[in-house]
Amino acid sequence: MERVYNFSPGPSMLPLPVLEKVKEALPVYGDTGMNVMEMSHRSPMYQAIIDDTEARLRALMHIPDTYSVLFLHGGATMQFASVPLNLGVKGEADYIDSGNFAHGAAGEAAKYLKVNVVASSRDDNYVYIPDWDGKLNDDADYLHITTNNTIYGTHYTKLPESKAPLVADMSSNILGEVYDINKFGVVYAGAQKNIGPAGLCVLIVRKDLLGHAAANCPKVLNWTTQTENGSMLNTPNTFAIYVAGLCMEWLQAQGGVEGIEKVNKEKAALLYDFLDNSRLFNATAQREFRSIMNVTFVTGDKEKDAAFVKFAASKGLVNLKGHRSVGGMRASIYNAMPIEGVRLLVNAMKEFEVQG
Ligand SMILES: *Cc1c(COP(=O)(O)O)cnc(C)c1O
C-alpha cells in the first residue's frame, strides 16, 4: 500500500528518509551487533546517540551552553506540573490562556502555586491570542505561554516581555518556526508533532533557573537532578531519542529551522490563500494570529464537513477532522508534511467546492 498524506495533529508524519534509516538499522545498528532498542542506556554506543541528538538540537535552535537540554518522559503534560514544581519559589505565576493546552497547564499549576490568568481568549473559543498589555506581573516566578495553539490554529506573532522568566509550551511549533532561545527561561515540547516519535518530551532550561525545585518535587520531574544525570536518572525513551536525532539530521539537510520555516510559510499560504477566496470553506482563526502549523477551517455545515473529510481520505489525504471544540477540519502541516501534500489538499478542496 502507498503512504498517505497524514494531516494528523499528533502523532504525525515523519520524514520518509528517517523511516527508511530506522528500517536499515533493523535488526543491527552499525557495527554494534544489536538494534538501538536493545542497547543499555549506560553503554558508550547509546551515549554517542543521545549526545548526537542533543548536539543537533543545540545546532538547530542555536542553544548556548548556558542552557541545559533534557530528554524526559511524560509528554508535554507532565511538564504542566514540573514547571511550578521547579520554578515556584515565590509561589505565584502568570499564565496566558490561549487554548485548551494553555488552560490545562494553568489548571495543573494551580495545584502547586497561585496562578494569575493574566489574559484569556477562552470566551471567544480561542480564535485569537489574547492581549496581555499592562497585565503582566514582573515579580511572578515565571510567565507561561503556549506558542502555537494546536487545536485552534493560532500562534503568537510577538512574544510577551516580562521581567519574570518566559516559559513556553512549544509542542506544536518547535523546530517549525525560528525563535531566539535567549528570550526564554524554559522551552518544552512533546516530541510527537515536530520532533519525532511520541513518548518523549524535550526541555530546554536556562541553567540559572535550576536548583530551586520544591522539596517534594519527584526526582524524575526535577530538572536539576535530570541535568546532573544527563537525562538518565532512570531509563529514558532510548528509541524515541534516537529517531528524534534522525529527524534532526533530516531537518539540518533541509536548511535547518530557517530553511524549513520558509517552506512552512509557503505551505500555510497555499491553504490560507485558497480559504480566503473560497465560496465554501472558511478559516476559523483570526487572520493576524493564523498558525503556520495547524490550519483550521469549516464549511459552516457539519454534514458537508464530514463529507469533505471522507472525500479527502478517498484521495489519500487523511486525519483532517477538526478537534471537537472547533469542529470542521484541521490540516496539521508540520515539518514532515511535503508541500505536495498541501497542493493535493487544495486541489481536493477545489474539486469538492465545484461538485458542491
Ligand atoms: C499535543 C500538545 C500537548 C500535549 O502533549 P502530550 O505530549 O500528549 O502531553 C500539550 N501542549 C500542546 C501545545 C500540544 O500541542
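A few ground rules: the model is predicted, so local features need pLDDT of at least 70 and side-chain atom pairs count only at pLDDT 80 or more, while totals for chains, interfaces and linings use all residues. Residues are numbered from 1 along each chain as its sequence is written, and side-chain values use heavy atoms, with hydrogens and water left out.

**View 1. T150 in its loop.**
T150 sits in the loop that links β6 (148-149) to β7 (154-155); strands here are DSSP E runs of at least two residues, helices are H or I runs of at least four, and both are numbered from the N terminus. With a relative accessible area of 4%, T150 is buried (under 20% relative accessible area; exposed is over 50%, partly exposed in between; 1.4 Å probe, protein chains only). Skipping neighbours within four places in sequence, T150 is in contact (heavy atoms within 4.5 Å) with P9, F101, S172, K193, N294, R330 and Y334.

**View 2. Polar atoms facing the ligand.**
T150 places a polar side-chain atom 2.4 Å from a ligand oxygen. For T77, a side-chain N or O atom is 2.5 Å from an oxygen atom of the ligand. D169 has a polar side-chain atom 2.6 Å from a ligand nitrogen. Taken alone, the ligand exposes 390 Å², and the protein buries 86% of that (Shrake-Rupley areas, 1.4 Å probe; for residues, only the protein chains shown count as cover).

**View 3. The shell around the ligand.**
There are 13 residues around the ligand, of which T77, T150, D169, Q192 and K193 come nearest (near means a heavy atom within 4 Å). Helix α3 (residues 75-87) gives the most to this shell, with four residues. By class, the shell has three nonpolar, eight polar and two charged residues (Ala, Val, Leu, Ile, Met, Phe, Trp, Tyr, Cys and Pro are nonpolar; Asp, Glu, Lys and Arg charged; the others, Gly among them, polar).

Zero disulfides turn up in a search of the whole structure (cysteine sulfur pairs within 2.5 Å). The closest cysteine sulfur to that of C201 is in C217, 14 Å away, so it is too far for a bond. C201 is buried at a relative accessible area of 0%, and C217 is buried at 9%.

Methods
Polar contact = N/O pair within 3.5 Å; in protein donor to acceptor, adjacent residues only side chain to side chain.
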